[in-house]
Amino acid sequence: MTTGAKTQVARMLELVPYLRAREGVSVEEVARDFGVAPAQIAKDLKVLWFCGLPNSVTGDMIDIDMEALDGEGVVKLTNADYLTRPLRLAPHEALAMIVALRTLREAAGERERAAVDRALDKLYPVTGAGERAAAVDVHIDDVEPKIRTAVDRALHDRRRLHLRYYVPARDETTERDADPFRLVFAEGSGYLEAWCHRARGVRLFRLDRIMVATVLDLPADPPAQADRRDLSGELFRPDPADPMAVLELDGTARWVADYYPIEEHTELSGGRLRIRLRYRDEQWLVRLVLRLGGAATVVDPVELGERVRGQAEAALSNYPR
Amino acid sequence: MTAKKSERLMNLTICLLVARTFIPKDRIRAAVEGYRDLTDDAFDRMFDRDKEELRGLGVPIDVGPVEKAFEDEVGYRIRRDRFELPEISLTADEAAVVGLAARVWQHASLASDTSEGLRKLRAGGVDVDESALTILEPQLATDEPAFDDVFETVTTQTPISFAYRASGATESIERHLDPWGIVSWHGHWYVVGHDRDKDAPRMFKVSRITGDVVAAGESGSYALPEDLDLRALASSLGPAHPHSSATVRVRAGAGDALRSRATRTHTVDEEWTELDIPYGSGSTLADELVSLGPEVVAIGPQEVREAVVRRLTALVAGGGR
């Protein structure tokens with residue numbers, strides 16, 4: 001069967017009950033709700049016009065006010081009392097939706113979590129997805145409840161937050177005031193997207209690096225030009241203006257190539273991998289190479305490799321032979 | 001051709017939906033206009049395909065005996081209670097969180113499955129608004145090439161085999177698994193199941209499956225363990241939970257991430273503070289300590305101190321070769 005007919009029939013089975021409940025709705029609104037062009041809805045209606053009870057005589061067909069459709073662009077559908085309800089959710093639709101909701105439950109603050117639990121309780125019995133949904137689990141990193149509560153309050157009440165935030169690259173804790181926009185959950189962690197007054201820009205604060213969060217008695221008032229991050233791609237995309245480094249990775253360090261966005265990778269002899277990656281902060285890269293404990297070498301820039309060696313030497317001097 | 005076919009499928013659906021008893025196919029043939037003017041063979045084939053396609057959409061077509069005194073015949077009908085989406089009533093906050101489910105999956109077909117499910121809910125009178133909740137943005141990524149196949153076999157319980165490159169290894173080995181479930185952890189998917197080679201539960205990171213996922217048996221050919229708690233199992237198969245304690249010294253102004261995890265803090269002098277840190281894997285802790293450079297010293301236990309010194313020595317020697 002052509003996909004065309006299959007999708008059209010699925011859509012028509014939903015259209016009839018939808019339209020029966022909304023007499024005089026505009027074709028534009030229908031099109032928006034169904035995610036298709038208004039012209040497609042018009043085509044669907046022209047097919048429905050020829051549908052009706054078996055052994056149909058004219059009186060048994062679905063009735064659509066074609067004048068209203070062509071004229072004001074509104075839909076009035078009647079004489080389809082046998083299709084009052086849409087079709088049940090197909091098993092894969094139910095599974096996708098239930099897993100999405102359970103993910104939401106993991107990410108939600110107290111208020112939303114209660115709503116998700118109630119919604120799930122109502123949806124499980126009608127979707128029959130209960131057992132299969134048990135085969136998929138989504139885990140999001142835990143966050144200190146006090147932090148989460150404060151962040152949620154600031155978001156709901158549109159208040160400024162004072163944050164004590166730890167930056168691993170610099171091994172440094174900073175104090176900042178931020179106006180929150182929203183919580184983003186990606187890569188298993190939660191991030192607060194907010195206008196940072198210190199940096200004078202939009203920043204993503206990882207929730208598990210917020211040490212203290214205090215809701216201030218000030219309204220959140222980000223400047224008009226503050227742009228939300230485009231979440232359609234990866235969360236952390238390298239900037240083409242950032243400098244590039246070349247590293248050679250041994251067996252245990254190869255995961256770096258899978259984990260960070262890298263520009264290039266070449267297999268070398270002996271199972272080593274050469275990669276090129278961008279970095280914004282030198283200290284971040286130095287810490288990464290240190291963390292790899294010798295399984296990675298900095299080929300370029302040479303000064304960076306020397307900084308790594310210098311720090312390792314200084315650290316080794318803490319361990320008298 | 002799509003319009004004619006959609007019309008026929010709709011009329012067939014309506015015919016079977018309004019039927020109060022099972023209807024034999026010759027009566028269906030006469031009642032639905034799309035079947036007129038066909039040879040017997042052509043009708044039989046078309047009718048069979050139509051039934052299959054409707055069932056593929058989730059339309060439940062029942063087969064049952066026809067009340068005929070002198071013939072053994074089957075008929076068809078659709079039972080309304082199996083066809084219809086039951087009444088669901090969600091409160092405004094429940095509808096808002098359900099609407100958010102549409103934005104969770106970052107995967108084309110699962111996202112569209114979720115949207116379809118939501119559309120059916122809307123057609124059924126639930127006011128799902130996808131843009132109601134803007135302060136929460138939970139994303140569930142599925143970048144792994146093997147994800148689709150693994151997801152499918154988990155929901156159909158099909159035994160599989162695949163080439164797998166373990167962490168740090170350069171070669172792939174063929175593994176054989178009865179999948180029980182998949183878990184998303186830190187933004188990565190893991191498949192959990194019964195490893196047929198080890199005859200024990202195992203967990204595999206989906207991104208390290210290097211080739212095709214091949215079905216190694218019929219779907220539904222094994223049973224899930226009773227009381228499967230996917231999260232608990234994944235947790236037990238994953239990285240070790242803290243069960244030991246290490247003692248480290250950190251310099252003033254450094255090591256805030258360690259300080260916040262310390263179970264005991266003791267000021268040694270103006271410069272140094274001693275901390276007790278719980279840990280599960282000595283080598284993971286050693287990696288973290290080394291990344292902090294000369295600002296931290298591992299005091300004990302021996303395995304951690306030695307691991308740190310080994311890494312620092314390798315880094316001083318230039319890393320790797």
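**Exercise 1.** How many bridges join strand 7 of chain A to strand 8 of chain A?

*Solution.* The model is predicted, so local features need pLDDT of at least 70 and side-chain atom pairs count only at pLDDT 80 or more, while totals for chains, interfaces and linings use all residues. Residues are numbered from 1 along each chain as its sequence is written, chains are lettered from A and ligands numbered from 1 in the order in which they are written, and side-chain values use heavy atoms, with hydrogens and water left out.

Step 1. Strands are DSSP runs (E, at least two residues), numbered from the N terminus, as are helices (H or I, at least four); two strands pair if DSSP finds at least two bridges between them.

Step 2. Strand 7 and strand 8 (residues 189-196) of chain A run antiparallel and are joined by eight bridges.

**Exercise 2.** Identify the pairing of strand 7 of chain A with chain B.

*Solution.* Step 1. Strand 4 (residues 136-138) of chain B pairs with strand 7 of chain A in the parallel sense, over three bridges.

Step 1. Opposite A:F185 stands B:P138 of strand 4 of chain B.

**Exercise 3.** Determine how far strand 7 of chain A is covered.

*Solution.* Step 1. Buried means under 20% relative accessible area, exposed over 50%, and partly exposed in between (1.4 Å probe, protein chains only).

Step 1. In strand 7 (residues 172-186) of chain A, 11 of the 15 residues are buried, and the strand is mostly covered.
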